[in-house]
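Let's walk through this one together, starting with charged pairs and ending with a greasy bit of surface. Have the viewer open as you read.

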Amino acid sequence: MLARFLPFLRWFPMGAGTLRADLVAGVTVALVLVPQSMAYAQLAGVPAYYGLYAAFLPGIVAALWGSSKQLATGPVAVVSLLTASALTPFAQAQSDEFVALAIALALMVGVIQLALGLFRLGLVVNFLSHPVIAGFSTAAALIIGLSQLNKIFGVDMPRSEHFVRDVWTVLLQVGDTHWPTLAMGVASFAVMLALRTWRPSLTGVLIAVAATTLASWGLGFEASGGKVVGQIPAGLPSFALPAIDLSVVIKLLPSALVISLVGFMEAISIAKAMAVKTKSRIDPSQELIGQGLGNVFGSLTQSFPTSGSFSRSAVNLGADARTGMSSVFAGVVVLVTLLLLTPLLYHLPQAVLAAVIMLAVSGLVNFKAIRHAWTAQRDDGVAAVVTFVATLAFAPHLDTGILVGAGLAIVLFLYRTMQPRAAVLGRYPDGTLRDLKVPPTCRPASTSSRCVSTGSSTSRACPTSRTRSSRPSPAIARRSTCSSSPTGSTCSTPPARR
């Protein structure tokens, strides 16, 4: 009974082997988590060190109260981009007001997810179908990658109501490229891609970050005009309730709802995929509670909205994590980083963080899933394509794109249910009732068999499987007869009444 309210009690008793495996997995995940979290904070529009705050407590709490043993929670690309797009109309990115709104948004997202989980409404996520999510994720990945171009080239990027125009403005400034910045970005790309290809067992992100940070410090990158992470406050984030403005909360409520559902959809999809491999069970409502509590407690320690991460969860599973204790160990490593290692991150180039983001979201571009949805069910394919196009068209207002796609998917579903396929049954010679659209088949007694129809002057080979043809009437179906002979089996059907 107690384990129902404290799910982490199911981890115990924990053997020494399990504890050792979780420790190794937690440290491995943390090596990826620290640079990724700082990169995603930059994507969310807040200073990079807020990514460390988001990587600390939310992951621990979500693991303690969630149902998945390998899901790694923290800053993720799509949720970070949704956060930035939701708050841009209200404040300037990187400003104190923007940070305060991001923390308040995390609290709102957490409360919504927690309420859905407590009322056992985990199935509400089905309103966002997989084709809609596939279309949205692919468009969002392209937007995320393009939004980092200015940091790779070392130029400014304006923020307007038209994302395509902003990207075009960046491309017009290519002639003003800051070459040391471009060199840092390209070098980090090369290191991460090379290690991913030839030495996947190594943590390419950490090695690229460490190498470029040393190069930045040794070559005086900041003095030459390059942008670095800069000063990171040492110590733990302050514990305080976010400032809440009721008028702003009402305006942010639609965005908070979208982030809650999209974030949970991402988390539960990852959790289910890993559950298949580990042969474990996932409770969607309990996972909602875990994600909700993670965001609520995270908002108390200056975190922006978080969710489950596919890349870090894959690392966690590959490192043989056996319980959620691995996420606790990863949080401890982040804690040590906050207390002792922040001075080492001062010279980290922002172009390297942009490269980390672009490489991480490349896996989200999934045109194959959209094509599969189009082939399997045309309505789902239409919803996926419309979501993809709408998300790109309405950028930076990504919530509008996914709402358009989800609304269309629901309308198409209702249209299908209002026009169900009805089968007219007839009794066939063997006494069974079958769909009259599927003609009777003769099962040959030997290798040579013919079907003879007395309603026409032609003969045809007897089919060996059901095939569609002209629809017979119930009367014909009842009077159809089949006879067998040494030479084969024949079916005789009288002409239809006119």
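First, a working cut-off: a residue is called buried under 20% relative accessible area, exposed over 50%, and partly exposed in between. Keep in mind that this is a predicted model. With that scale, Asp320 has 39% relative accessibility, so Asp320 counts as partly exposed. Its salt-bridge partner is Arg322, with the side chains meeting at 3.2 Å, N to O. Arg322 has a relative accessible area of 36%, so Arg322 is partly exposed too.

How many salt bridges does the structure hold? There are 4. Another of them joins the side chains of Asp283 and Arg120, at 3.0 Å from N to O. This pair ties together distant parts of the chain, 163 residues apart. Asp283 sits in the loop between helix H11 (246-278) and helix H12 (284-300), while Arg120 is in the loop between helix H5 (96-118) and helix H6 (130-147). Asp283 comes in at 26% relative accessibility and therefore counts as partly exposed; Arg120, at 48%, is partly exposed as well.

Then there's the salt bridge between Arg434 and Asp430, with an N to O distance of 2.2 Å. Asp430 is partly exposed because its relative accessibility is 46%.

Now for the nonpolar side of things. Leu236, Val332, Val336, Leu339, Leu340, Leu341 and Leu344 make up a nonpolar patch on the surface, and together they have about 630 Å² of accessible area. Pick out Leu340, which lies in helix H14 (residues 325-341). Is Leu340 buried or exposed? Its relative accessibility is 61%, and exposed means over 50%, so Leu340 counts as exposed.

Key:
Residues are numbered from 1 along each chain as its sequence is written. This is a predicted model: local features need pLDDT of at least 70, side-chain atom pairs count only at pLDDT 80 or more; totals for chains, interfaces and linings use all residues. Side-chain values use heavy atoms; hydrogens and water are left out. Patches are made of residues with over 30% relative accessible area and no salt bridge: like charges are joined within 9 Å, nonpolar side chains (Val, Leu, Ile, Met, Phe, Trp, Tyr) within 5 Å. Accessible areas come from the Shrake-Rupley method with a 1.4 Å probe; for residues, only the protein chains shown count as cover. Helices (H or I, at least four residues) and strands (E, at least two) are DSSP runs, numbered from the N terminus. Buried means under 20% relative accessible area, exposed over 50%, partly exposed in between (1.4 Å probe, protein chains only).
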